[in-house]
Amino acid sequence: MLTESRVIAALRAFLVVLFGVLVLFQTMSLPGQFAHLAKEDPDMAYLRWPATAVTVFWVLCVQVVIVSIWKLLARIRRDRIFSEDSFTWVNVIVGAIGAAWVVLLVVFLYVGFNATDPGLPLLLFLLLVGLAVLGLLMVVMRALLRQATTLRSDMEAVI
């Protein structure tokens with residue numbers, strides 16, 4: 001059975017790898033991909049910079065979530081997760097998910113009103129609903145953290 005410290009160490013290792021891959025996508029792959037698409041389809045070249053900006057923003061939102069998770073893992077390791085300071089990082093996660101959702105909604109609406117094929121709007125709608133579920137789940141987890149923090153501080157006050 002894996003201990004808590006090993007799980008946290010493994011999660012941190014994967015977070016570092018994920019963050020590194022995201023930086024690679026953000027700086028090289030996404031801008032290069034949209035530049036290539038603009039050359040291949042000059043009629044759609046006007047979307048190069050908006051598409052680059054939006055996707056880089058989404059990657060940035062994921063990076064913000066990764067950093068926040070890292071900070072929360074450090075609080076778990078030091079047995080400080082049930083404190084008011086943890087809410088800052090949970091709120092940052094909720095904010096990043098919310099910002100990504102709003103931008104995705106705008107993209108969904110733009111694509112939906114201009115699409116000739118239902119495939120991409122349907123995929124974007126699936127992502128929109130999935131991101132909404134993730135954001136709402138984080139709000140519920142924040143409420144559970146609030147209850148656990150209150151319970152722990154009440155128990156410490158009794159002891």
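## Helices and salt bridges in a predicted model

Glu84 (E84) is partly exposed, with a relative accessible area of 48%; in this scale buried means under 20% relative accessible area, exposed means over 50%, and partly exposed lies in between (1.4 Å probe, protein chains only). The model is predicted, so that local features need pLDDT of at least 70 and side-chain atom pairs count only at pLDDT 80 or more, while totals for chains, interfaces and linings use all residues. Residues are numbered from 1 along each chain as its sequence is written, and side-chain values use heavy atoms, with hydrogens and water left out.

### How the helices pack

Helix α2 covers residues 48–77 and helix α3 covers residues 84–114, and their axes come within 9 Å and cross at roughly 165 degrees. Helices here are DSSP runs of H or I with at least four residues, strands are runs of E with at least two, and both are numbered from the N terminus. The axes are lines fitted to C-alpha atoms, for helices over the stretch in contact, and the angles run from 0 to 180 degrees between N-to-C directions. The angle of roughly 165 degrees between α2 and α3 makes α2 roughly antiparallel to α3, where angles over 145 degrees count as roughly antiparallel, under 35 as roughly parallel, 65 to 115 as roughly perpendicular and the rest as oblique.

### Salt bridges

Side chains of opposite charge can pair when their charged atoms come close. A search of the whole structure finds four salt bridges, each being a side-chain nitrogen of Lys or Arg within 4 Å of a carboxyl oxygen of Asp or Glu.

| Pair | Distance, N to O |
|---|---|
| R75 and D85 | 3.9 Å |
| R146 and E84 | 2.9 Å |
| E156 and R152 | 3.5 Å |

The side chains of R75 and D85 meet in a salt bridge. R75 lies in helix α2 and D85 in helix α3, so the pair ties together parts that are 10 residues apart in sequence. R75 is buried, with a relative accessible area of 11%.

The side chains of R146 and E84 also meet in a salt bridge. This pair links distant parts of the chain, with R146 in helix α4 and E84 in helix α3, 62 residues apart. R146 counts as partly exposed at 37% relative accessibility.

E156 and R152, by contrast, both lie in helix α4, four residues apart, which is about one turn of the helix. E156 is exposed, with a relative accessible area of 52%, whereas R152, at 27% relative accessibility, counts as partly exposed. D79, R152 and E156 are linked in a network of salt bridges. D79 itself is found in the loop between α2 and α3, has a positive phi of about 55 degrees although it is not a glycine, and counts as partly exposed at 44% relative accessibility.

L134, L137, V140, M141 and L144 make a nonpolar surface patch of about 430 Å². Patches are made of residues with over 30% relative accessible area and no salt bridge, with like charges joined within 9 Å and nonpolar side chains (Val, Leu, Ile, Met, Phe, Trp, Tyr) within 5 Å; the accessible areas come from the Shrake-Rupley method with a 1.4 Å probe, and for residues only the protein chains shown count as cover. V140, one of the patch residues, lies in helix α4, which spans residues 119–158, and V140 counts as partly exposed at 46% relative accessibility.

### Separation along the chain and in space

T52 is found in helix α2 and is buried, with a relative accessible area of 7%. T52 and A35 are 17 residues apart in sequence and 8.9 Å apart in space, C-alpha to C-alpha. A53 also lies in helix α2, but at 49% relative accessibility A53 counts as partly exposed. The C-alpha atoms of A53 and P31, 22 residues apart along the chain, are separated by 8.8 Å.

H36 lies in helix α1, residues 4–40, and is partly exposed, with a relative accessible area of 42%. The C-alpha atoms of H36 and L18, 18 residues apart along the chain, are separated by 25 Å.
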